[in-house]
Amino acid sequence: MKLSTKVAELTQIIEPAVIACDVSLWGIEFVPQGRKSLLRIYIETLPEDRHTGRQVTIEDCASVTHQVSGVLDVHDPIAGEYMLEVSSPGLDRSLFSPEQLAMYVGEVVNLRLIHPIGEGNAKRRKVEGVLVSLIDHGIHIKTADNLEFDVLFDNIDKANLVYQFN
């Protein structure tokens, strides 16, 4: 869950503009794609608004898009063309930080890892299972086939919540 230098730079530039729209910045994905890059911004309601049931609206996304576009035009942190997307994290939300992972202890998460974990034929770079707990510098996860792994935050390339139908 290590932020790239580019994402860290974009976060510093973008976060104040997002907060000015009365929502919080959930996370940023920056995907260079040759001549045209993709900048995806996820926004969430403010912590004090979550208990009221308020959710991110299309108007929130439009407001953030307008505000962030202006800030990016001034700072110009992205070389070349880029496409800007703004949305809520959704039900299968990407998780960008240890604090966000802590919010979902007991839930099923899907991880894409930088380096494989496990032994022998059980080595894998993709792991899905219940997020049992946070440990020093990582998480403890239990898969559906009862394998348990400790995964360091620095080894997590991408983490998503897996929506469970009840």
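## Contacts and overall fold

Of the contacts between residues at least 6 apart in sequence, 55% join residues at least 24 apart. The model is predicted. The protein contains four helices and nine strands. Read from the N terminus, the order of these elements is α-β-β-α-α-β-β-α-β-β-β-β-β.

Along its principal axes, the C-alpha trace covers about 50 × 40 × 25 Å. The protein has 166 residues, and buried residues account for 40% of them. Its accessible surface is about 9,900 Å², with 51% of that area belonging to carbon and sulfur atoms.

## Annotated domain

UniProt lists residues 13-92 under "domain: Ribosome maturation factor RimP N-terminal", in an unreviewed entry. In the model this span is 36% helix and 30% strand.

## Charge and salt bridges

The protein carries 15 positive and 24 negative side chains. The centres of these two sets are separated by 8 Å. With a salt bridge taken as a side-chain nitrogen of Lys or Arg within 4 Å of a carboxyl oxygen of Asp or Glu, the count is eight.

One of the salt bridges pairs Glu 85 with Arg 40, with 2.8 Å between the closest N and O atoms. Glu 85 belongs to strand β3 (residues 81-87) and Arg 40 to strand β2 (residues 36-44), so this pair ties together parts of the chain that are 45 residues apart in sequence. Glu 85 has a relative accessible area of 30% and is partly exposed. Arg 40 is also partly exposed, at 21% relative accessibility. Both residues take part in a network of salt bridges that links Glu 29, Arg 40, Glu 85 and Lys 158.

Asp 157 is partly exposed, with a relative accessible area of 42%. Arg 112 counts as partly exposed as well, at 36% relative accessibility.

Asp 145 forms a salt bridge with Arg 124, and here the closest N and O atoms are 3.9 Å apart. Asp 145 is partly exposed, with a relative accessible area of 47%. For Arg 124 the relative accessible area is 21%, which also counts as partly exposed.

Ser 37 is found in strand β2. With a relative accessible area of 6%, Ser 37 is buried, because the limit for that class is under 20%. Leaving out residues up to four places away in sequence, Ser 37 touches Phe 30, Val 31, Pro 32, Glu 81, Tyr 82 and Met 83.

Ala 79 lies in the loop between α3 (58-75) and β3. Is Ala 79 buried or exposed? Ala 79 has a relative accessible area of 72%, and is therefore exposed, the limit being over 50%. The C-alpha atom of Ala 79 is 9.2 Å from that of Lys 36, a residue 43 places away along the chain.

## Leu 131

Leu 131 is placed in strand β6. Its relative accessible area is 0%, so Leu 131 is buried. The C-alpha atoms of Leu 131 and Gly 106 are separated by 5.4 Å, while the two residues are 25 apart along the chain.

Which residues does Leu 131 touch, not counting those up to four places away in sequence? They are Leu 101, Tyr 104, Val 105, Gly 106, Glu 107, Val 109, Ile 139, His 140 and Ile 141.

Technical notes. Residues numbered from 1 in each chain as written. Predicted model: local features only at pLDDT ≥ 70, side-chain atom pairs only at ≥ 80, totals over all residues. Heavy atoms only, no water. Helix = DSSP H or I, 4+ residues; strand = E, 2+ residues; numbered from the N terminus. Buried < 20%, exposed > 50% of the residue type's maximum accessible area, 1.4 Å probe, protein only. Contact = heavy atoms within 4.5 Å. Areas by Shrake-Rupley, 256 points an atom, 1.4 Å probe, with all protein chains shown as cover. Lys, Arg positive; Asp, Glu negative; His and termini not counted. Charge placed at Lys NZ, Arg CZ, Asp CG, Glu CD. UniProt positions renumbered as here; feature names shortened; annotations may be inferred.
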